[in-house]
Amino acid sequence: MKKIFLIFLVLLITGCSSTSEVKNPNGSSLTYKYFSQENYQGSKYNLRLKNDNSVLVAIKDGDNFYYNISGGFNLTIIEKNGYRYQFDMINKIYNAESIITKENYMEGILPADMKKLKKQNYQTGKEKINGHKYTFETYKYDKGKTTYYFDDKKLKYIKKQTKEENLLYEVLSFSLKVKSKDFDIPKGYTEITY
C-alpha cells in the first residue's frame, strides 16, 4: 500500500503526462507553425533566452553572428568577415582569430532545417513547468533532443538535452529584427594579439 501511495504521490508532483508519437506531420506541429509564422529560415534571427540566473542572446544575419551569455558566467563572441572576436568584459580587451571551423552555437536550440522539421517525427504531450501545464514537442537531432514548450501557440521554453547538457531555457523574445550595429565591436575595447 505504501508503494502504491508513493508512486501516486510522485505522479501527482511531476504532473503525470502521457506522450504520443506523431509521424509524417507535414507541417502540422506547433513548432513548425511557430517558426514558419515568424518566417524563420535559420540565417537570420534575434533570440533572447534565460536559464537560471543567466541570459543568453544570439543574433544572426547571414555569416554575422553575435553570442552573449551574462549573469553567472560572462562570454561574448562576435563572428564577422571571416573572424571570430572573443571579449573579456572585465578588462575590456578582445582578441581576433580567423574562423577555421564554424561553430553552431544554437544547435539543439533552434531548428537547423525548416524543410526537415516540416516532416520530422516528434513526441508530444503535456508537462508542468513551475505549476503551469504546457504542450510540448520533442525532436531528436544528431547529438540529442530538443523539446519546445507552448502555451497555446506561444513558445515559452526550450529544453536542450545531450549526454553533457540538460538545459531548460525560458524564451524571453524571438524575432527576425537584426541591426548591423549588433555586430560592431564595442567602444572602449582594446585588441590583444598573441
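Two strands are taken to pair if DSSP finds at least two bridges between them. Helices (H or I, at least four residues) and strands (E, at least two) are DSSP runs, numbered from the N terminus. The model is predicted, so that local features need pLDDT of at least 70 and side-chain atom pairs count only at pLDDT 80 or more, whereas totals for chains, interfaces and linings use all residues. Residues are numbered from 1 along each chain as its sequence is written, and side-chain values use heavy atoms, with hydrogens and water left out.

The protein chain contains 3 helices and 13 strands. Along the principal axes, its C-alpha atoms fill a box of roughly 70 × 40 × 25 Å. Of the 194 residues, 38% count as buried (under 20% relative accessible area, with a 1.4 Å probe and protein chains only). The chain exposes about 12500 Å², of which carbon and sulfur atoms supply 49%; accessible areas come from the Shrake-Rupley method with a 1.4 Å probe. Among contacts (heavy atoms within 4.5 Å) between residues at least 6 apart in sequence, 47% join residues at least 24 apart.

Strand 5 (residues 75-80) and strand 6 (residues 83-88) run antiparallel and are joined by 5 bridges. Within this pair, Ile78 has Tyr85 of strand 6 as its bridge partner.

Strand 10 and strand 11 pair in the antiparallel sense over 8 bridges, and Tyr148 has Ile158 in strand 11 as its bridge partner.

Pockets were located on a 1 Å grid over the protein atoms alone, a pocket being an open set of points where a 1.4 Å probe fits, with protein on both sides within 12 Å along at least five of seven lines; lining residues have an atom within 4 Å of a point. Grid points are joined across faces, edges and corners, and a volume is the space filled by probe spheres set on the points.

The largest pocket has a volume of about 590 Å³. Its lining comprises 27 residues, of which Asn104, Glu107, Leu110, Pro111 and Ala112 lie nearest the centre. Helix 3 (114-119), strand 9 (132-141) and strand 10 (144-151) are the elements that give two or more residues to this lining, and strand 9 provides the largest share, 3 residues. By class, 12 lining residues are nonpolar, 5 polar and 10 charged (Ala, Val, Leu, Ile, Met, Phe, Trp, Tyr, Cys and Pro count as nonpolar, Asp, Glu, Lys and Arg as charged, and the others, Gly among them, as polar).

The second largest pocket has a volume of about 160 Å³. It is lined by 11 residues, with Thr19, Glu127, Phe136, Thr138 and Lys145 nearest its centre. Strand 10 contributes the largest share of this lining, 3 residues. The lining residues divide into 2 nonpolar, 6 polar and 3 charged.

Conventions. Buried means under 20% relative accessible area, exposed over 50%, partly exposed in between (1.4 Å probe, protein chains only).
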